[in-house]
Amino acid sequence: MHQGLLKKAVLPLMSSAAIGLAVYSSIHYLPSVVAAEKSEKASVVSDQASPAQRLPVAADGNGRSEGRASYAADPLFAKVIGKAEKAAKASYKAPEEIPEFMQDLGYQDYQNIRFNPEKSLWKDRSLPFQVMFIPPGLFYQHSVKINIVENGEQKPLSFQREWFNFSDPELERKVPHDLGYAGFKLTHPINKADLQDQFMVFAGASYFRAVATGNAWGISARGIAVNTGLPRGEEFPSFTEFWMEPPAADAESMTVYALLDGPSIAGAYKFVITPGERTIIRVQNVLFPRTDIELLGVAPLTSMYFYGENMTRPTGEWRPEVHDSDGLLIQDRLSGEWLWRPLLNPVGLEMDYFATDNVGAFGLIQRADDFDEFRDMEAHYEKRPSMMVRPVEGWGKGSIVLTQLPTSNETNDNIVAFWKPGQAVKAGSEFSFSYDVIVGFDDIEDVNTGQARHTFVGDGNRIGGGDSEGAYRFIVDFEGGSLSELPSDAKVLSQVSGFGGTEVIEHYVQYNQATQQWRLSILAKPAVNQALNLRAYLKREADGAALTETWTYRLPWNNTILGKQ
């Protein structure tokens, strides 16, 4: 996005209440490839957990979770857990806001307050990881506590006004000496051995962002999501305090601890961060709900999708595509199946629940990685990272929730994906999660089967589309996996299913010699004033073995493809 790091990191998603939209939701099983042929039955399921289900961490006789017990070997993390538990038992107190004149700064005025890299923490010791600090102001309306722990001694890091360069002397004079920091940026030589690159940022609510070698800034993650997309409005808990220890001179990883607090939940977090060609963030947390939470989002990812190859280009836009991510990828841990859902910029708020007995991985991916797909020499969307979440251990039954909100420009994050526990989240409970957040180009997927590289959608009642009024033509180009080993005349078939009243009129597969991809063409028609729902994959004719991931699509009834809403 053109406005750079600041706006992307801190602008929250608007709720359906805030933008006055109806919410369209659907529930799906994450099907096995065989079950995809029975999609009509598989698509109408409840996401309510059975009484026997439990959250991922069992409790011992004292009510303490296995998660907490497993972290006892880390005394600093144990300390943060204790603070989170104590906070959850008390009434929530919002962080103290910064002076009003700092909140009222204009965008450029705030940008003109710049941290001096020469003042980076541990630069004087030439340590492999160093820290730059972010001033409060504009969207960052409260400071956070930052503690440095060395040789077992904890010291709070005080605000140093002289670490910043101010283009406005009058503003510099007014900034209080105890203003504090809004967050920080970690640096490490991930592109050149002699250059400290910014590769991870903690700032704004519970947001954190990261890049790998060669990436530009794009997608964000959060510590937790609360009631995302619900009419009551979303809650944004914040990381309010951090702890860091100086890394060893030869360290390849950096550890950060954080205390999270919000009206409905408090929590303790440990991040072990290893940057490189794939930046890997091992996240461990222990969470304490203050209140019952209707929709808890674990390991939430936040991105932007303005428009792409599967949508009508907005009037006046010259760029072919504009997005940080173009699809949701999910792996079922039990079946090993991969599911791909292309993203949308919908007319109304859309929520999809993908039920799974044990999720293996999920992520928001940027498969469009060629400059020609965007042609934007400033934003370089082809360099935006993908982000995958991989649970360290099984999380049990739950759902991957995809929330898509309408946006009229590229400055707003409008896509969220997270895991929703199958069991109700009650006040006074305690639970924990451990997972890796993997950041990098789209090869972080590690998908070992054919992938849907392109999805195009058009009118199914015109030359090149078909002759069925009210129908849509879908073109899906698959590549990779065992498809790469097949001759161009191989017998490859398509398995396509429509559900929710969707009629599949025709479907067939062709090999595209020009792109060396296998093209699936579908003509389908939705029920009147209903969303169009499809699921498809390619298979070998000889034995019916699946050759690709499962491509799934939900086209809302109020779309712009046919020139009307």
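This talk goes through some strands, pockets and cavities of one predicted model.

First, the ground rules. Residues are numbered from 1 along each chain as its sequence is written, and side-chain values use heavy atoms, with hydrogens and water left out. As the model is predicted, local features need pLDDT of at least 70 and side-chain atom pairs count only at pLDDT 80 or more, while totals for chains, interfaces and linings use all residues.

I start with strand 32, residues 532-540. Helices and strands here are DSSP runs, numbered from the N terminus: helices are H or I with at least four residues, strands are E with at least two. Eight of the nine residues of strand 32 are buried, so the strand is largely enclosed by the rest of the structure. Buried means under 20% relative accessible area, exposed over 50%, and partly exposed in between, with a 1.4 Å probe and protein chains only.

Which strands pair with strand 32? Strand 29, residues 492-499, runs antiparallel to strand 32 and is joined to it by eight bridges. Strand 33, residues 550-555, is also antiparallel to strand 32, with five bridges. Two strands pair if DSSP finds at least two bridges between them.

Four strands form it in the order 27-28-31-30, with antiparallel pairing. Strand 27 (451-459) and strand 30 (503-512) are at the edges with a single partner strand each, so one side of each has no neighbour in the sheet. Neighbouring strands of this sheet are turned by 15 degrees against each other on average, direction ignored; the axes are lines fitted to C-alpha atoms, for helices over the stretch in contact, and angles run from 0 to 180 degrees between N-to-C directions. Nine bridges hold the antiparallel pairing of strand 30 with strand 31, residues 517-525. Within that pairing, V509 stands opposite L520.

On a 1 Å grid over the protein atoms alone, a cavity is a set of points where a 1.4 Å probe fits but cannot get out; a pocket is an open set with protein on both sides within 12 Å along at least five of seven lines; lining residues have an atom within 4 Å of a point. Grid points are joined across faces, edges and corners, and a volume is the space filled by probe spheres set on the points.

The largest pocket holds about 840 Å³. Its lining has 32 residues, with P95, E96, S143, K145 and T240 nearest the centre. Helix 5 gives the most to this lining, three residues.

The second largest pocket holds about 470 Å³. F139, Q141, H142, A205 and S238 lie nearest its centre, out of 24 lining residues. Here strand 12 gives the most, again three residues.

How many cavities of 30 Å³ or more are there? The count is two. About 130 Å³ lies in the largest cavity, where E309, D326, W340, R453 and T455 are the closest to the centre among 16 lining residues.
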